[in-house]
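I am opening a notebook page on this structure, to record what I looked up and in what order. My entries keep to what can be read from the model.

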Amino acid sequence: MQETIEKVTKVVKKKRAQKIFTEQLIYEIAETVEKRDLDDKELDELVKKVKKSYDRAKVEDGEAVGTVAAQSVGEPGTQMTMRTFHYAGVAELNVTLGLPRLIEIVDARKKISTPTMAIYFEEEFRGDEEFVRTIANQIGKSTMNDIVQDFHVNYAEMNVVVELDMPKIEDKRLDFEDIINRVEKAFKKVKIDNNVLSFEPAKPSIRELRLLADKVRDLQISGVKNIGKVVIRKEEDEWVIHTEGSNLGAVLKMEGVDKVRTTTNDIHEVEKVLGIEAGRNAIIHEAQRTMDEQGLTVDVRHIMLVADMMSADGSIKSIGRHGISGEKASVLARASFEETGKHLLRASIRGEIDHLTGIIENIIIGQPIPLGTGSVGVLMKQKK
Amino acid sequence: MKKDILKHELVPDHVILSESEVSKVLKKIEAHPEQLPKIKTDDPVVKSIGAEEGDILEITRKSATAGKFVTYRRVHD
């Protein structure tokens, strides 16, 4: 195969077409050459034909790609609205899908409604259920309530007595020492006698005692910040943890966690931890997954264009009033979108100048628009 | 940890271009540095490869349509 790829590359170079023949295209041609057993002459012909077809299929200069992308994503979106409500969630975890999720993505929401992570493990731990369960309990949130055997509020002695359930702690693979440390850190007046803890309120009143009881119950004894429930699932020979809530930075630092495949659906978090290019990939991935899940197909190129626009500035910007449309250079373009009065007023106060280079501005004032054939001008050489 | 993020499947390869490479690239794509997409100076990848403001990064993305796609970003704060 490698040989054929090299051969095809050579032919492509000879035809001076290496610019349009991408790696993928060369690979596909090489595949055909092997399958159909083409000779050199036929390969020559094939490359010539492919080049011709490629040139014909290319987007022409001045084409309104943005409008086409908007329509191509928007049309399937109309079908989503009707069906979304029937999909409640996947398995035990509830994840926003359909149109609400798509809106979340293009709006670049800071707080998404259902952040979730898929945590994978390094090769040696993939089949190790014991190890994965230990990690899952370190990541997932557990409160005191999950490990008590007996919980007693004693009004006579003015204290709260908690008996910890040792088998349960064992089962959750938690460290007893660690729990005690956390308890001592959170409560000052506490007496520890093996697995029996007794707490005293700051002031001896019934109200204080009851508040203390609630506080003791809700004390978090393990877990990563922002992560709630965890679900452990076996996916084709390997154990994977799915979480409710997300904290990519903290999870990637943990031992044994696969630093290559572990991801979150929170695009802003991806951008913060892995950079803008990873953020761009996350937008494409999430948008496409949302469409696929609904059984709709949108060409990736449209989604890629959206992701490129959103990430061009170095940080993830939303589409719409607060992002791309709101930052257009032209006053008239901004005013025609949303909040017309605000933009016109501000522009007049600042004395903004509209250079009339865009499309919307020129439609407003009735000039030919710089699009398609309109994007070409005439340049004349002065006679000397 | 710092280098770890570069291995993540969502992170494409980022390479800092030398001055001669920059002028070659700009000539090839017929663009001014200001016209390139930006990448922030506090971007985790920028920090871990040690790029500085004004540098041009060559980014080799895995693309669903082209297999491999090369693009550029200018480091900017």
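Before turning to any pairing I noted the rule I use, namely that two strands pair if DSSP finds at least two bridges between them, while helices (H or I, at least four residues) and strands (E, at least two) are DSSP runs numbered from the N terminus. I also noted that this is a predicted model, in which local features need pLDDT of at least 70, side-chain atom pairs count only at pLDDT 80 or more, and totals for chains, interfaces and linings use all residues. Residues are numbered from 1 along each chain as its sequence is written, and chains are lettered from A and ligands numbered from 1 in the order in which they are written.

**Entry 1: confidence.** I looked up the pLDDT, the predictor's confidence in each residue from 0 to 100, and found that chain A averages 86, with 97% of its residues scoring at least 70. Over residues 85–89 of chain A the value is below 50, and this stretch has 5 contacts in the model beyond near neighbours in sequence; a contact here requires the C-beta atoms of two residues, placed from the backbone, to lie within 7 Å.

**Entry 2: layout of chain A.** I counted 16 helices and 10 strands in chain A.

**Entry 3: a hairpin.** I then followed strand E8 (residues 227–235) of chain A, which runs antiparallel to strand E9 (residues 238–245) of chain A and is joined to it by 7 bridges. A:Ile232 stands opposite A:Ile241 in E9(A). With 2 residues between the strands, the hairpin of E8(A) and E9(A) has A:Glu236 at a positive phi near 45°.

Entry 4: Is A:His343 buried or exposed? A:His343 counts as buried because it has 21 C-beta neighbours inside 10 Å, the rule being that 20 or more other C-beta atoms within 10 Å make a residue buried, 12 or fewer exposed, and anything in between partly exposed, with C-beta atoms placed from the backbone. A:His343 lies in helix H15 (residues 340–350) of chain A and, not counting residues up to four places away in sequence, touches A:Val331, A:Arg334 and A:Ala335.

**Entry 5: where the chains meet.** I found 25 residues of chain A in contact with 23 residues of chain B. On the side of chain A that touches chain B, the largest share, 5 residues, comes from H12(A).

**Entry 6: chain B.** Reading along the sequence, I wrote down the pattern β-α-β-α-β-β for chain B. The radius of gyration of chain B is 13 Å, close to the 11 Å that the globule rule gives for 77 residues, so chain B is as compact as a globular protein of that length. Of these 77 residues of chain B, 26% count as buried.

Definitions and conventions. The radius of gyration is taken over C-alpha atoms; the globule rule is 2.2 Å times the number of residues to the power 0.38.
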